[in-house]
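Work through the exercises below with the sequence and the model open. Each task is followed by a solution in steps.

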Amino acid sequence: MFKSLYRQHQNNDRLQPEAVLTGKGVIVMLLLFLVEQLAAEGLSVLSQLFNLNLGLMEINMIINCGVLLLMFLFFGGFFIENLKNFFREFKAVYIWLPIVCYFCSSIANLIIQIILGLVRGEIQNTSNNALVMQLINQYPLQLIVLTVLIAPITEEAVFRAALSRSMTASSKSWVKVMGFVLSIFFFAFFHIYQFAFFATDASGAVHLTFNLNEFISILVYVPMAVGLTLCSFFGKNYWCSVICHMLTNGIAVMLMLLAGDLVK
């Protein structure tokens with residue numbers, strides 16, 4: 001469906017062509033992502049106005065499931081073509097590349113955490129991770145579904161398929177570089193912008209602000225962004241970076257659950 005939103009790109013080192021988003025597809029994908037962000041904020045406001053008693057987890061599940069359905073409506077052909085090619089031309093790179101990218105990004109993340117800890121005087125968890133740790137104690141099953149299954153599919157569609165792979169598949173070097181830069185920056189920025197630029201007061205009202213400490217935390221997400229973008233570039237298949245993303249989030253959630261059990 002909507003075949004004009006993606007095209008077939010033949011790679012020299014692949015037998016099967018790769019489904020890559022067209023310019024129109026990139027615009028539609030980014031619009032869906034924008035709708036997701038606005039809908040999440042809108043549903044939160046409606047919940048307060050009409051006493052719907054929707055918590056953060058419920059809102060995120062509703063919005064993310066809705067956006068996932070919309071993505072499959074518009075980009076079902078893109079997802080299916082890449083999945084078919086994944087199994088038609090299954091290569092060892094689809095397995096070892098996500099694992100290598102995960103471990104390399106984890107080591108880089110640890111180094112950055114240590115450096116930031118030395119600068120700040122203490123090692124601090126990011127607000128995004130702290131929120132996930134809080135929610136996982138209350139909604140473990142829902143959070144696993146959201147972060148390990150749904151989020152990797154939707155986020156890779158936006159930050160890799162739209163912002164990265166549609167450009168890194170180009171033959172022009174400056175377009176490839178731009179694809180890397182945009183994907184890495186916006187992925188990292190997506191995980192901190194709510195905490196760096198918005199604050200909620202005691203009444204629940206949201207105000208614009210700027211928190212330098214939260215903004216610097218963007219560096220923590222750069223290694224993961226680099227690893228996923230490299231996985232997309234070298235794997236030349238949408239599902240390759242999805243596997244890496246699922247692996248990364250799955251191990252993180254498992255460690256959080258284990259840490260929660262140890263505290264108890």
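## Exercise 1: a pair within one helix

Arg160 and Glu156 lie four residues apart in helix α5, so about one helical turn separates them. The model is a predicted one.

Task: find what joins the side chains of Arg160 and Glu156, and say whether these residues are buried or exposed.

Solution. 
- Step 1. An α-helix has 3.6 residues a turn, so residues three or four places apart point the same way.
- Step 2. The side chains of Arg160 and Glu156 form a salt bridge, with N to O at 2.8 Å.
- Step 3. Arg160 and Glu156 are both buried.

## Exercise 2: pairs across the chain

Task: state how many salt bridges there are, then describe the pair Glu18 and Arg165 and the pair Lys236 and Asp13.

Solution. 
- Step 1. The count is four salt bridges.
- Step 2. Glu18 and Arg165 meet through their side chains in a salt bridge of 2.9 Å, N to O. This pair links distant parts of the chain, with Glu18 in strand β2 and Arg165 in helix α5, 147 residues apart. Both Glu18 and Arg165 are buried.
- Step 3. Lys236 forms a salt bridge with Asp13, and their closest N and O atoms are 3.8 Å apart. Here too distant parts of the chain are linked: Lys236 sits in the loop between α9 and α10, Asp13 in the loop between β1 and β2, 223 residues apart.
- Step 4. Buried means under 20% relative accessible area. Lys236, at 18%, therefore counts as buried, while Asp13, at 38%, is partly exposed.

## Exercise 3: the cavities

Task: how many cavities of 30 Å³ or more does the structure hold, and which residues line them?

Solution. 
- Step 1. There are two cavities of 30 Å³ or more.
- Step 2. The largest cavity has a volume of about 70 Å³. Its lining has 15 residues, and those nearest its centre are Glu18, Phe78, Ala161, Arg165 and Tyr238. Glu18 and Arg165 are the salt-bridged pair of the previous exercise.
- Step 3. Helix α5 gives the most to this lining, with five residues. By class, the lining of the largest cavity has six nonpolar, five polar and four charged residues.
- Step 4. The second largest cavity has a volume of about 50 Å³. Its lining includes Asn11, Arg14, Glu18, Tyr94 and Lys236. The elements that supply two or more residues to it are β2 and α2.
- Step 5. The lining of the second largest cavity divides into three nonpolar, five polar and four charged residues.

How values were computed. Residues are numbered from 1 along each chain as its sequence is written. This is a predicted model: local features need pLDDT of at least 70, side-chain atom pairs count only at pLDDT 80 or more; totals for chains, interfaces and linings use all residues. Side-chain values use heavy atoms; hydrogens and water are left out. On a 1 Å grid over the protein atoms alone, a cavity is a set of points where a 1.4 Å probe fits but cannot get out, and a pocket is an open set with protein on both sides within 12 Å along at least five of seven lines; lining residues have an atom within 4 Å of a point. Grid points are joined across faces, edges and corners, and a volume is the space filled by probe spheres set on the points. Ala, Val, Leu, Ile, Met, Phe, Trp, Tyr, Cys and Pro count as nonpolar, Asp, Glu, Lys and Arg as charged, and the others, Gly among them, as polar. Buried means under 20% relative accessible area, exposed over 50%, partly exposed in between (1.4 Å probe, protein chains only).
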